[in-house]
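Reader: I'd like to learn how to read a predicted fold from its coordinates. Could we walk through one together?

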Amino acid sequence: MKTVCKQDMCTGCMACADKCPKQAVSVKDDLTHFNAVIDESRCVQCGLCERVCQQVHPVQKVQPLAWYEGWANDSSIREKASSGGIATAVMFAFVREGGVVCSCTFTGGTFCYALAETEAEIRKFTGSKYVKSNPKGIYPQMLQKLKDGKKVLFVGLPCQAAAAKRFAGEQYEAQLYTADLICHGSPSPALLETYLQQHGKSLQQMQEIGFRQSTAYRLTENGKPLTNPRLTDRYAYSFLKSLNLTENCYACPYADAERAADLTLGDSWGTQLNDEKSKGVSLILCQTEKGKALLEAADLHLTPADAQRAVETNHQLKAPSQKPACREQFFALYGQGVPYDKIMAKCYPKVFLKQRVKALLLKLKLLH
Ligand SMILES: Cc1cc2nc3c(=O)[nH]c(=O)nc-3n(C[C@H](O)[C@H](O)[C@H](O)COP(=O)(O)OP(=O)(O)OC[C@H]3O[C@@H](n4cnc5c(N)ncnc54)[C@H](O)[C@@H]3O)c2cc1C
């Protein structure tokens, strides 16, 4: 098998598949890892796939110019957003000034990318989706907008934002703005689909899916938790434990306080703004003048953040997620068709014994 980047280390950013003029590259999802596979019968050796691949080349990172924490002043944005709603507020301001935004949306059962040019279109982006999203098709659309003279803001996972920069090239550097998320790592959406099917749902049938209610991590449909709201669902737990991420995420070069995008957005886990915590407080790293312009244009409440505290309380700014010892067991049992909930109970027996006891107490109304 000939692959664009090192075998099993593909991020699934899809830039190579979008760049190939012969449609010779396809990205294969093997659950534990992704691979960008080259069909040698179609390949004309032009080298474009390798040139655009952000895994093949050293990442260009810079120190942030400033660290902030804050939130969107518009409470309707903040309520719907995953942390402080900074991403949505920045995207709103960008389209108001005539720009185009590329970001991730849940549509037709898939976590794909779309363009947005109005505030109404931006609303479909709000909220974290704790899966590997699929940007296939967005890069040529983004490039066309840049060629048309538009400013474009790309908001996504760090590998995807870096891919957008490589795809656009230096020629469009001034017009392309990027905001990446502090990223813990991302699993194949096929795992989520299995989990949902085992709970009587399917991505195809869902109009809306949420992964988080304020600071609580749980799957929701139209705002309603899919499992007991007092317990952590096992999909959320597998994500939080970094159990189900793809192989490349454990060696992610973007998990660093030096960043590749103009802006970096995450959760301000170390915030001391205690009255604001439950409403969502974002951490914002601003790397460039373009990043500054994005923040200045948006309607935000910002205060300087203590960089040292931010790094201490957000592991992803120091190093990639670590592979848990039971990851192999997780995927082996998954491969044997063992239900997701049972696998998690086998991987974390003590935690799930406690959850079972809690569930029983809740049922017996001995716990409220
Ligand atoms: C897989 C994943 C892992 C994360 N891990 C961490 C972490 O370890 N530490 C931390 O501090 N923060 C992490 N975050 C970021 C955090 O969850 C929030 O997304 C971030 O703080 C922005 O919040 P907000 O309220 O400003 O965004 P919102 O206003 O809610 O907007 C969210 C933006 O992110 C985009 N987005 C959401 N999910 C995806 C996706 N899967 N792929 C591409 N774009 C997406 C949306 O399209 C939207 O533009 C992670 C996010 C994801 C998706």
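**Domains and overall shape**

Author: Happy to, and let's begin where two parts of the chain meet: 15 residues of domain 1 are in contact with 15 residues of domain 2. Two residues are in contact if their C-beta atoms, placed from the backbone, lie within 7 Å. On the domain 1 side, the residues that touch domain 2 are five nonpolar, eight polar and two charged. Here Ala, Val, Leu, Ile, Met, Phe, Trp, Tyr, Cys and Pro count as nonpolar, Asp, Glu, Lys and Arg as charged, and the others, Gly among them, as polar.

Reader: What should I know about the model and its numbering?

Author: This is a predicted model, where local features need pLDDT of at least 70, side-chain atom pairs count only at pLDDT 80 or more, and totals for chains, interfaces and linings use all residues. Residues are numbered from 1 along each chain as its sequence is written.

Reader: Which residues belong to domain 1 and which to domain 2?

Author: Domain 1 takes 66-187 + 247-317, and domain 2 takes 189-243 + 325-363. Such bounds come from an automatic or database domain assignment. The centres of the two domains, taken over C-alpha atoms, are separated by 26 Å.

Reader: How is burial decided?

Author: By counting neighbours: a residue is buried if 20 or more other C-beta atoms lie within 10 Å of its own, exposed if 12 or fewer, and partly exposed in between, with C-beta atoms placed from the backbone. In this chain 46% of the 368 residues count as buried. Pro135, in the loop between α5 (119-122) and α6 (138-147), counts as buried because it has 29 C-beta neighbours inside 10 Å. Leaving out residues up to four places away in sequence, Pro135 touches Cys13, Met14, Tyr113, Gly156 and Gln160.

Reader: And what about Gly270: where does it sit?

Author: Gly270 is in the loop between β11 (263-267) and β12 (282-286). It has 17 C-beta neighbours inside 10 Å, so Gly270 counts as partly exposed. Beyond its neighbours within four places in sequence, Gly270 is in contact with Arg309, Ala310, Glu312 and Thr313.

Reader: Which residues of helix α8 are buried?

Author: The general idea is that an α-helix has 3.6 residues a turn, so residues three or four places apart point the same way. In α8 (residues 189-198), the buried ones are Pro189, Leu191, Leu192, Tyr195 and Leu196. They lie on the same side of α8 because they cover an arc of only 150° around the axis, the arc being that of the directions from the helix axis to the C-beta atoms. These buried residues pack against β5 (110-116), α9 (234-240) and α13 (340-347). After α8 comes Gly200, with a positive phi near 75°.

**Strands and their partners**

Reader: How do I read a sheet?

Author: Look for partners: two strands pair if DSSP finds at least two bridges between them. Here three strands form an open antiparallel sheet in the order β8-β9-β10. Its edge strands are β8 (210-213) and β10 (224-225), each pairing on one side only. Three bridges link β8 to β9 (residues 216-221), and the bridge partner of Arg212 in β9 is Tyr217. Two residues lie between the strands of the β8 and β9 hairpin, where Ser214 takes a positive phi near 55°.

Reader: Why is strand β3 described as largely enclosed?

Author: Because six of the seven residues of β3 (residues 66-72) are buried, the rest of the structure largely encloses this strand. β3 runs antiparallel to β12, joined by five bridges, with Trp67 partnered by Leu285 in β12. β3 also pairs with β13 (residues 300-304) in the antiparallel sense over five bridges, and Glu69 stands opposite Thr303 in β13.

How values were computed. Helix = DSSP H or I, 4+ residues; strand = E, 2+ residues; numbered from the N terminus.
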